[in-house]
Amino acid sequence: MRIAPENIWGNAVSHSLNYKETPDNVVTLPQTDSRPSGMDKLKITGGHRLKGDIRISGAKNAALKHMCAALLTDQPLQLGNMPATLGDVKTLSQLLEHIGVTVGLREDGVAVLQAKNIMSHVAPYDLVRKMRASVIVLGPLLARHGVAEVSLPGGCAIGTRPVDLHIMALKAMGADIDIEAGYIKAKAPKGGLKGAEIIFPKVSVGATENLMMAATLAKGETVLKNAAREPEIVDQGMALIAMGAKIEGLGTPEIRIQGVSALQGATHDVVPDRIETGTYMCAVGLAGGEVRLRHTRTDFLSALIAPLQLAGVEITSEGDDVLVRRQDSHLKGVDIMTEPYPGFATDLQAQFMAMLTMCQGAGMVTETVFENRFMHVPELCRMGADITVHGHSALVRGVSHLKGAEVMATDLRASVALVLAGLVADGETYVNRIYHLERGYENIVSKLGAVGAQVERCAG
Ligand code: UD1
């Protein structure tokens with residue numbers, strides 16, 4: 001049976017999605033090169049308050065790691081609440097298929113991944129360069145297959161983003177690792193990886209996830225100290241536990257993993273996307289109105305909700321929904337500083353800054369996680385924002401209005417911040433190179449359209 005997924009861009013790309021039939025009503029995930037259509041732009045006509053419902057998708061940053069966990073077993077891993085149309089999910093499924101994993105989407109929207117046989121232990125540059133998270137295949141490949149060659153991801157728009165912590169920790173587990181011709185070439189010792197005590201000198205989401213997966217199949221106990229505590233890591237740990245892994249301390253800075261000899265298949269629902277949730281909260285804060293965000297959670301968004309409330313946004317949880325409201329009150333300036341979870345998420349910094357551009361007074365935004373994450377500032381200023389950057393801090397002085405312009409961003413969250421600014425700008429805003437948005441926001445055009453924003457995709 002053929003499945004037509006809702007795609008992010010209306011009908012524009014649906015004809016080019018290439019589904020391959022496989023047994024058991026499973027079809028392969030859409031495999032398109034999003035680049036030609038991804039060069040398109042979004043046209044946003046500002047000035048509309050938001051009203052209605054938005055359903056939040058499964059978290060991109062959890063889904064990608066669950067997909068890599070499929071490498072740890074020869075049995076099927078079934079993932080519900082999958083954000084299957086995301087560009088990053090498609091890129092990773094290409095990489096996993098190259099390695100030998102069958103990746104399919106069932107009629108009911110559940111993704112099914114199975115790594116019966118590892119056909120290749122190489123993650124090639126061409127696929128890794130599209131998405132840094134690809135480096136997360138290193139730990140599971142090494143643990144199950146004993147050997148892995150993964151292209152170094154290189155820097156990216158938001159900083160140098162090294163992977164030294166991943167390498168250091170896998171070496172502590174006995175892996176022999178060399179860097180050759182731009183590749184991380186890793187070999188597990190005879191008999192497999194060995195449990196170790198690893199103290200991360202810096203909190204890293206990716207390194208925690210890579211090592212947690214590697215440790216599930218290692219000999220003995222691994223202790224990860226100064227581990228990251230993000231909800232996506234807790235979600236990943238729960239999926240691994242459902243697969244038979246022995247893990248304690250999820251959500252704390254010390255995670256203990258007892259290695260087991262094999263993992264089995266499991267079924268797991270991806271946790272709701274807190275960054276998507278937070279993005280739409282900032283959108284309502286900026287544009288005003290009342291929106292119900294459905295099928296999400298607020299418990300892991302406290303670091304965003306507190307400053308949003310201080311700024312004058314009303315937030316009420318109702319079961320799995322959250323009601324976000326700003327009617328006649330003006331936004332007030334508030335200071336925020338990004339930090340590893342449970343601090344304010346760096347992935348929400350650009351969106352919060354876009355909201356502050358229209359505040360009364362001023363707000364200071366300090367970025368401590370990545371060294372170069374203010375690329376949205378010059379573009380927001382081109383729209384009339386008043387922002388001054390001093391080192392790791394940006395002082396945002398509120399202005400009374402923004403003006404539509406043609407803008408471009410070089411990363412996912414910066415791009416969405418420009419979309420948010422476009423919602424309130426006078427006239428039309430064109431956000432170029434929407435493949436960045438396509439990587440991480442499911443159906444953003446239809447989701448914003450459903451709450452009254454005027455957003456459309458046009459040829460780039
Ligand atoms: C993940 C998220 C990303 C988010 C980030 C921080 C995914 C797919 N991506 O990225 O959206 O912005 O967490 O919340 O889940 N570092 C090192 N050496 C390393 C690894 C990291 O110095 O080996 C540094 C990084 O350069 C950065 C900091 O540690 O300054 C945090 O990075 P990390 O938490 O690893 O981010 P990612 O896992 O890459």
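Biologist: How many salt bridges does the rule find across the interface of domain 1 and domain 2?

Modeller: Two salt bridges cross that interface. The model is predicted: local features need pLDDT of at least 70, side-chain atom pairs count only at pLDDT 80 or more, and totals for chains, interfaces and linings use all residues. Residues are numbered from 1 along each chain as its sequence is written, and side-chain values use heavy atoms, leaving out hydrogens and water.

Biologist: Why is the meeting of arginine 274 and glutamate 232 called a salt bridge?

Modeller: The term requires a side-chain nitrogen of Lys or Arg within 4 Å of a carboxyl oxygen of Asp or Glu. For arginine 274 and glutamate 232 the N to O distance is 2.7 Å. That is within 4 Å, so the pair qualifies.

Biologist: What makes a residue pair a polar contact, and how many such pairs cross the interface of domain 1 and domain 2?

Modeller: A pair of N or O atoms must lie within 3.5 Å; within protein, one must be able to donate a hydrogen and the other to accept it, and residues adjacent in sequence count only if both atoms are side-chain atoms. Seven residue pairs across the interface pass, with both residues at pLDDT 80 or more.

Biologist: Which elements give two or more residues to the side of domain 1 that touches domain 2?

Modeller: Helix H13 (412-424) and helix H14 (435-440). H14 gives the most, with three residues. Helices here are DSSP runs of H or I, at least four residues; strands are runs of E, at least two; both are numbered from the N terminus.

Biologist: Where do the domain bounds come from?

Modeller: From an automatic or database domain assignment. It gives domain 1 as 42-55 + 272-458 and domain 2 as 58-269. Their centres, over C-alpha atoms, are 30 Å apart.

Biologist: What is the area buried between domain 1 and domain 2?

Modeller: About 1,900 Å², with 49% from carbon and sulfur atoms. Buried area is the accessible area (1.4 Å probe) that two parts lose on being put together, summed over both. Tyr341, Arg439 and Glu442 supply 30% of what domain 1 buries against domain 2, more than any other three residues.

Biologist: How do you know that S9 and S11 pair?

Modeller: Pairing needs at least two bridges found by DSSP. S9 (residues 147-151) and S11 (residues 183-187) have five, in the antiparallel sense, so they pair. Alanine 148 has alanine 186 of S11 as its bridge partner.

Biologist: What joins S10 to S11?

Modeller: Five bridges join S10 (residues 176-180) to S11, and the strands run antiparallel. Isoleucine 179 stands opposite isoleucine 184 in S11. Two residues lie between the strands of this hairpin, where alanine 181 takes a positive phi near 50°.
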